[in-house]
Amino acid sequence: MKTALITGGAARIGAQIAKTLHKNNFKIIIHCNQSKDKAQLLCDELNLSKADSAKVVVGDLNNIDSINSIIDSVSLIDLLVNNASVFYPLSVDESNSENWNNILNINLKAPFFLAKGLSHKLTSNKGSIINIIDIHADRPLKNHSIYNISKAGLKMLTLTLAKELAPSIRVNGVSPGSILWPQEGAEISEDQKILMLERIALKRQGSPQDIADTVLFLANSNYLTGQIINVDGGRTLNQ
Ligand SMILES: NC(=O)c1ccc[n+]([C@@H]2O[C@H](COP(=O)([O-])OP(=O)(O)OC[C@H]3O[C@@H](n4cnc5c(N)ncnc54)[C@H](OP(=O)(O)O)[C@@H]3O)[C@@H](O)[C@H]2O)c1
């Protein structure tokens with residue numbers, strides 16, 4: 001069995017990626033920070049269906065020491081999925097250097113240093129890295145400038161690592177459109193939701209399974225590297 005580490009794997013899209021890879025014969029390392037109970041529940045569920053097939057690793061991706069201890073805790077790895085991120089509305093006027101560090105650290109610095117720190121272990125297994133980006137890496141979402149910048153950086157990180165880590169490690173990305181409405185301080189109004197859905201060619205949100213299926217496809221596509229797939233129901237056709 002291959003082993004996949006999924007950052008932010010306890011809930012929402014990350015948890016669906018974990019379940020889908022597990023169903024397809026991967027051992028799963030579920031990374032979490034705050035959601036320890038959810039991560040443990042998911043881990044127990046996966047271990048119940050296949051013994052010793054899942055474990056939890058905890059760490060704050062805003063902190064380089066904790067990134068390093070995540071790296072140290074991983075012995076074997078075939079697939080790194082950089083899924084964890086922070087997303088909250090912030091006008092340019094409201095933004096300060098603390099926001100900048102927080103968003104850039106979690107969304108961009110952590111994927112870079114996880115990739116760097118795990119690259120030798122990934123190389124020995126001919127492994128791959130999949131970064132979960134956002135369609136707003138290309139077209140900015142208003143009042144989310146630092147987030148947009150972090151995801152644009154993550155897109156370039158995907159391309160630059162694909163070049164530098166080849167031929168041993170494949171690096172690809174998935175850019176979701178609207179999949180799950182934001183939570184905890186980033187909620188949007190019902191009117192905004194209707195407006196957003198109107199702009200999607202397929203007139204509906206995607207599901208976490210749509211993202212997980214694309215991650216699985218990239219994980220299994222041995223001749224793909226440096227590719228970023230928009231999973232957005234045609235949202236970018238109308239941007
Ligand atoms: N939801 C969408 O429609 C959508 C659209 C476009 C792109 N995306 C991208 O898809 C990915 C998953 O989206 P999502 O909505 O499922 O994400 P999410 O719920 O906003 O966040 C995923 C996880 O990131 C982890 N995280 C946040 N801060 C952290 C920190 N300091 N240290 C470690 N982990 C931290 C959290 O783990 P804990 O809970 O354990 O702290 C959280 O569960 C993200 O990269 C997101 O940018 C999502």
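Helices (H or I, at least four residues) and strands (E, at least two) are DSSP runs, numbered from the N terminus.

Keep in mind that this is a predicted model, where local features need pLDDT of at least 70, side-chain atom pairs count only at pLDDT 80 or more, and totals for chains, interfaces and linings use all residues. Residues are numbered from 1 along each chain as its sequence is written.

Now look for the sheet. Strands of a sheet pair through backbone hydrogen bonds, either parallel or antiparallel. Here seven strands form an open sheet in the order β3-β2-β1-β4-β5-β6-β7, with parallel pairing (two strands pair if DSSP finds at least two bridges between them). β3 (54-58) and β7 (228-231) stand at the edges with a single partner strand each, so one side of each is left without a neighbour in the sheet. Further in, three bridges join β1 (residues 2-6) to the parallel strand β4 (residues 79-82); I6 has V81 as its bridge partner in β4.

Finally, what is I28 in contact with, leaving aside its neighbours within four places in sequence? The residues are A4, I6, A18, L21, H22, L46, S53 and A54, where contact means that the C-beta atoms, placed from the backbone, lie within 7 Å.

Terms used:
Contact = placed C-beta atoms within 7 Å.
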